[in-house]
Amino acid sequence: MIDVGERIRQVQVEHNISGAELARRLDTSPQQVSRWRSQQDLKMGTLKKICIALEIQLHDFLDKKSPD
């Protein structure tokens, strides 16, 4: 099972996107981004929006598993 919050952090690092920048792209607060990054799962609609903001396809986001 994928840890969605960890995966968000990984993609942010891979794409050099800060939490503040991701929040700006999603028109939300940095605090909300921080909450998403601490969760293991998210609603699919939220995850789709995050993927668009991160400029990554949903299947690519879900395909890579975080290290154990």
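Me: Okay, buried means under 20% relative accessible area, exposed means over 50%, and partly exposed is in between (1.4 Å probe, protein chains only). So is glutamine 12 buried or exposed?

Reply: Glutamine 12 counts as buried, because its relative accessibility is 3%. Keep in mind that this is a predicted model, where local features need pLDDT of at least 70 and side-chain atom pairs count only at pLDDT 80 or more, while totals for chains, interfaces and linings use all residues. Residues are numbered from 1 along each chain as its sequence is written, and side-chain values use heavy atoms, with hydrogens and water left out.

Me: Got it. Where is glutamine 12 found?

Reply: Glutamine 12 sits in helix 1. Helices (H or I, at least four residues) and strands (E, at least two) are DSSP runs, numbered from the N terminus.

Me: And what is glutamine 12 in contact with?

Reply: Contact means heavy atoms within 4.5 Å. Setting aside neighbours within four places in sequence, glutamine 12 has Ile17, Ser18, Gly19, Leu22, Arg37 and Leu54 as its contacts.

Me: Which residues of helix 1 are buried?

Reply: Val4, Gly5, Arg7, Ile8, Gln10, Val11 and Gln12 are the buried ones in helix 1. They pack against helix 2, helix 3, helix 4 and helix 5 (58-63).

Me: How do helix 1 and helix 4 cross?

Reply: Axes here are lines fitted to C-alpha atoms, for helices over the stretch in contact, and angles run from 0 to 180 degrees between N-to-C directions. For helix 1 and helix 4 (residues 44-54), the axes come within 11 Å and cross at roughly 10°. So helix 1 is roughly parallel to helix 4. As for the labels, angles under 35 degrees count as roughly parallel, over 145 as roughly antiparallel, 65 to 115 as roughly perpendicular and the rest as oblique.

Me: Which residues meet there, helix 1 to helix 4?

Reply: From helix 1, Val4, Ile8, Val11, Gln12 and His15 meet Leu47, Ile50 and Leu54 of helix 4. By class, the residues of that contact are six nonpolar, two polar and no charged. Ala, Val, Leu, Ile, Met, Phe, Trp, Tyr, Cys and Pro count as nonpolar, Asp, Glu, Lys and Arg as charged, and the others, Gly among them, as polar.

Me: Okay, next pair. At what angle do helix 2 and helix 3 pack?

Reply: Helix 2 and helix 3 (residues 30-37) pack at about 105°, with their axes 8 Å apart. That makes helix 2 roughly perpendicular to helix 3. On the helix 2 side, Gly19, Ala20, Leu22, Ala23 and Leu26 meet Pro30, Val33 and Trp36 of helix 3. The contact has seven nonpolar, one polar and no charged residues.

Me: What about valine 33, is it buried or exposed?

Reply: Valine 33 is buried, at 2% relative accessibility. Not counting residues up to four places away in sequence, valine 33 touches Gly19, Leu22, Ala23 and Thr28.

Me: Switching to charges: how many salt bridges are there?

Reply: A salt bridge is a side-chain nitrogen of Lys or Arg within 4 Å of a carboxyl oxygen of Asp or Glu. The count by this rule is four. One of them joins arginine 9 and glutamate 6 (2.8 Å, N to O). Both lie in helix 1 (residues 4-15), three residues apart, about one turn of the helix.

Me: And arginine 7, which residue does its side chain meet in a salt bridge?

Reply: Glutamate 14, at 3.6 Å, N to O. Arginine 7 counts as buried at 2% relative accessibility, whereas glutamate 14 is partly exposed at 44%.

Me: Which residues are linked in a network of salt bridges?

Reply: Glu21, Arg24 and Arg25. The glutamate 21 to arginine 24 bridge has an N to O distance of 2.6 Å.

Me: Last one: what is the phi of aspartate 27?

Reply: Most residues other than glycine have a negative phi. Aspartate 27 has a positive one, about 55°, although it is not a glycine. Aspartate 27 sits in the loop between helix 2 and helix 3, and counts as exposed at 73% relative accessibility. Glutamate 55 also has a positive phi, about 60°, and lies in the loop between helix 4 and helix 5.
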